[in-house]
Amino acid sequence: MGTLLLVGTRKGLFLLRSDEARREWELEGPTLVGWSVYHAARDPRDGVVYAAANNWVYGATVQRSDDLGKSWERAEQLGLPEESGLKLEAAWHVEPGHESQPGTLWLGGDPGVLFRSDDSGATWEPVRGILEHPTRERWHPGAGGLCCHSVQVDPSDPNRLYVAISAAGAFRSDDAGESWEPVNAGVAAEFLPDKYPEVGQCVHKLLLHPRQPDRLWQQNHCGVYRSDNRGSSWERLDGNGLPSGFGFPIMIHPRDPDVALVIPEEGAENRVTCDGRLGVYRTRDAGASWELAAGGLPESAWAVILREASSSDGLDPAGLYFGTQGGSVFASPDEGSTWLEAASELPPVLSVEAAGWP
Amino acid sequence: MAVILLPSLLASEAGGRNRFETDATTVGEALRQLPIANLVFDDHGKLRRLVNVYVDGVDIRGRGGTEVALDGAETVRVVAAVAGGIAP
């Protein structure tokens, strides 16, 4: 078993393949030429690849490939009801549904919207519980729009879902997406008059740990957080070795729920990696302490890594991956201890997602 | 039959075809028959802002838009708006 990386860029989708050693990578692509691929994922249930694709003229769509990108099928009209007063601005993140629900997928988009498909991505319906959420008037867009960028499905309960929206916060559903409860207690929104509101937090990326699904991690505009109770409360984790609480991507270990990695940036007003270097920081103790895990990464760099542009695979040792706005993809075959450049000179990398291969 | 010509990305999305013939009586009807209709119209059914349509070389905007009539002898050309800068 090796690893396949789906690398979404501003100019199409690239595929990177490697064997189990994950030290030599073969580049294929681009496919979906003309599309900005905000995120792509391979459905573990059937191997189909889905891409959240956007074009500056032709709008947002979802593309589907059952032959690993050789051919694509576009979804039918993706949009929002006119009476909502909202227009779809972008497709952000496509997430395969629970393993017990073949054909079900979720799609997060801008302006703070979630879609559900029950026909393997051919048609998509907006989720009313998010579209008409009673707190929506308190949501506000950031630099990336009002983007629903994180969608997580609890593997232990098909009815439990999470979404995170910038800047609206995190929401949990316990009834398969019908209703959504804000889960932002303890998460700061330092840019608002009320620093700890019910909603309005700027989550940059939220992940659920598949082996311990009550545990969530988030990289936020205002810190790094962990929840051990399905988002009901959060503990702030920056400091103790992290040079900054600001950043976008977060990676987790596929088996050890105490391991997470972030790539801090200087801050909201200077969005480049800290200290003029490309530094990944790893915790092995659930966020109590952080260490620099940057062996092999450029020591002189002012890099930008977007929120969708990191991932981990399921192998042992775990592989970790991220891509930069400068068009590089870095891979670590040993859980972050050492890194190598798997690809360079790509268009700006928008997303990286790892999947099993073949 | 009027002829519709598509730019490269739309042709790719239409299975590689950049030329379609139509007996539609308006530009809107002609475009909605295409397999890429959901790329030229937005989610509310409006022609996307940066999609330009020319009938025999004349921009339909300001001349009736998608209601411009076709009598079957025209060439309808779909063109993505020209732009520079960093947005794409």
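Guide: Happy to; what follows is a set of questions and answers on this predicted model.

Visitor: Which overall scores does the model carry, and what is the mean pLDDT of chain B?
Guide: The model scores ipTM 0.92 and pTM 0.96. Within chain B, confidence is highest in strand S2 (residues 19–22), at 98, and lowest in strand S4 (residues 58–59), at a mean of 94. In chain B, 93% of residues reach 70 or more, and the chain's mean pLDDT is 92.

Visitor: On the side of chain A that touches chain B, how many residues are nonpolar, polar and charged?
Guide: The contact involves 15 residues of chain A and 14 residues of chain B. Sorted by class, the chain A side has six nonpolar, five polar and four charged residues.

Visitor: Is A:Leu216 buried or exposed?
Guide: A:Leu216 belongs to strand S17 (residues 216–220) of chain A. Leaving out residues up to four places away in sequence, its contacts include A:Tyr162, A:Leu206 and A:Gly231. The cut-off for burial is 20 or more other C-beta atoms within 10 Å. A:Leu216 has 27, so it is buried.

Visitor: How far apart in space are A:Leu216 and A:Asp228?
Guide: In sequence, A:Leu216 and A:Asp228 are twelve residues apart. From C-alpha to C-alpha, their separation is 6.6 Å.

Visitor: How many residues are in the largest nonpolar core?
Guide: In soluble globular proteins, nonpolar side chains tend to be buried together. Here, A:Val7, A:Ala51, A:Val62, A:Ala91, A:Val163 and A:Val329 touch the most other members of the largest nonpolar core, which has 109 residues. Another core lies apart from it, with A:Tyr58, B:Ala30, B:Leu70 and B:Val76 among its 21 residues. For the largest one, then, the count is 109.

Visitor: A:Leu32 and A:Asp275 both have positive phi; which one counts as partly exposed?
Guide: Phi is near 55° for A:Leu32 and about 60° for A:Asp275. A:Leu32 is buried, because it has 23 other C-beta atoms within 10 Å. With 15 C-beta neighbours inside 10 Å, the partly exposed residue is A:Asp275.

Technical notes:
Residues numbered from 1 in each chain as written. Chains lettered and ligands numbered in written order. Predicted model: local features only at pLDDT ≥ 70, side-chain atom pairs only at ≥ 80, totals over all residues. Contact = placed C-beta atoms within 7 Å. Nonpolar A, V, L, I, M, F, W, Y, C, P; charged D, E, K, R; others polar. Core = buried A, V, L, I, M, F, W, Y, C linked by C-beta atoms within 7 Å. Buried ≥ 20, exposed ≤ 12 C-beta atoms within 10 Å, placed from the backbone. Helix = DSSP H or I, 4+ residues; strand = E, 2+ residues; numbered from the N terminus. pLDDT = per-residue confidence, 0-100.
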